[in-house]
Amino acid sequence: MTTLSTLKQFKKDGTKFTCLTCYDAMFARMMEKAQIDTILIGDSLGMVVQGHDSTLPVTVDDMAYHTANIARSNKQALILADLPFMSYVTLPEAVTNSRKLMQAGAHVIKIEGGSELGDLVTTLAQSGTPTCVHLGLTPQSVNVFGGYKIQGRGDAAADKLLTDAKAVVAAGAALLVLECVPAELAKAITEAVAVPVIGIGAGADTDGQVLVMHDMLGMAHGRVPRFVHDFLTDERNQAHSVEGAFALYQQSVREGSFPSEQHQFS
Ligand code: KIV
């Protein structure tokens, strides 16, 4: 079974690892067969499962329901679950809501933000709850950003992101996710922190990669982001199956052929 210690060892050894979003039992079982290292029950479920335009309508109960589906069905992957929008504004509500997700079967709680999350990260770490801090393009702040835009471009923005990453790791974060940041900056952050860093649209030099499952199966709704590859119709997926697509993603990330330059931002 993959644990945080496994991921730390992967980082030390330079072994690239995988993460996919997942929301239901059948896909979770296929991911277990394909040996996907970690699963994220992402609040992206608001868009790909519930049909909303953003992740904002997702509730803690929604997250707990889908987390329990996965925890029952995949006993091998490390399970990360998102605390949804505005469910961790105060420490007491963050603790209550993290408990719900951990009791539903999560191993790590993912939260979006920067150094302002320090106290929360420390409180959760001291209470037995590891956190993954999501930096860069944080979809819960879409209305602050004015759209889904690349983050960390320019010296000031890059410095802030690096400072935020170091601050949350110093506070006790166990993992980081970097979304849609220039590849060079993602590499610098990955090298600057001791914890494993998972990238999405962040180039090939992060320790792990994550994709939204529907995207990597070619089911994207609307514009396909540059960092997505369709592993279902990839000719190397000779079985033309969903399980084959997961296995090809696992193999491609491990061997370093995904992501390539065409998937990254500068
Ligand atoms: O909710 C989600 O799926 C995510 C990934 C995009 C990292 O946060």
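Predicted model: local features only at pLDDT ≥ 70, side-chain atom pairs only at ≥ 80, totals over all residues.
Residues are numbered from 1 along each chain as its sequence is written, and side-chain values use heavy atoms, with hydrogens and water left out.

On a 1 Å grid over the protein atoms alone, a pocket is an open set of points with protein on both sides within 12 Å along at least five of seven lines, a cavity is a set where a 1.4 Å probe fits but cannot get out, and lining residues have an atom within 4 Å of a point. Helices (H or I, at least four residues) and strands (E, at least two) are DSSP runs, numbered from the N terminus.

The largest pocket holds about 990 Å³ of space, a volume being the space filled by probe spheres set on grid points that are joined across faces, edges and corners. Its lining divides into 18 nonpolar, 10 polar and 9 charged residues. Here Ala, Val, Leu, Ile, Met, Phe, Trp, Tyr, Cys and Pro count as nonpolar, Asp, Glu, Lys and Arg as charged, and the others, Gly among them, as polar.

This pocket is also where the ligand sits, in the sense that more than half of its atoms lie within 2 Å of the pocket's grid points. Look next at the polar contacts, pairs of N or O atoms within 3.5 Å. A polar side-chain atom of Lys 110 is 2.9 Å from a ligand oxygen, one of Asp 43 is 3.1 Å from a ligand oxygen, and for Asp 82 the distance from a side-chain N or O atom to a ligand oxygen is 3.2 Å. On its own the ligand has 260 Å² of accessible area, of which the protein covers 96%, by the Shrake-Rupley method with a 1.4 Å probe.

Now turn to the second largest pocket, with about 630 Å³ of space. It is lined by 30 residues, and Glu 112, Gly 113, Gly 114, Glu 116 and Ser 141 are the closest to its centre. Helix 6 (118-126), strand 5 (131-136), helix 7 (142-145) and helix 8 (155-171) each supply at least two lining residues, with the largest share, 4 residues, coming from helix 8.

Finally, the structure holds 1 cavity of 30 Å³ or more, and the largest cavity has a volume of about 40 Å³. Strand 8 gives the most to its lining, with 3 residues. The lining has 7 nonpolar, 4 polar and no charged residues, among them Ile 200, Phe 258 and Pro 259. A cis peptide bond, with omega about 0 degrees, joins Phe 258 and Pro 259, and Pro 259 is placed in the segment after helix 11 (242-255).

Conventions:
Polar contact = N/O pair within 3.5 Å; in protein donor to acceptor, adjacent residues only side chain to side chain.
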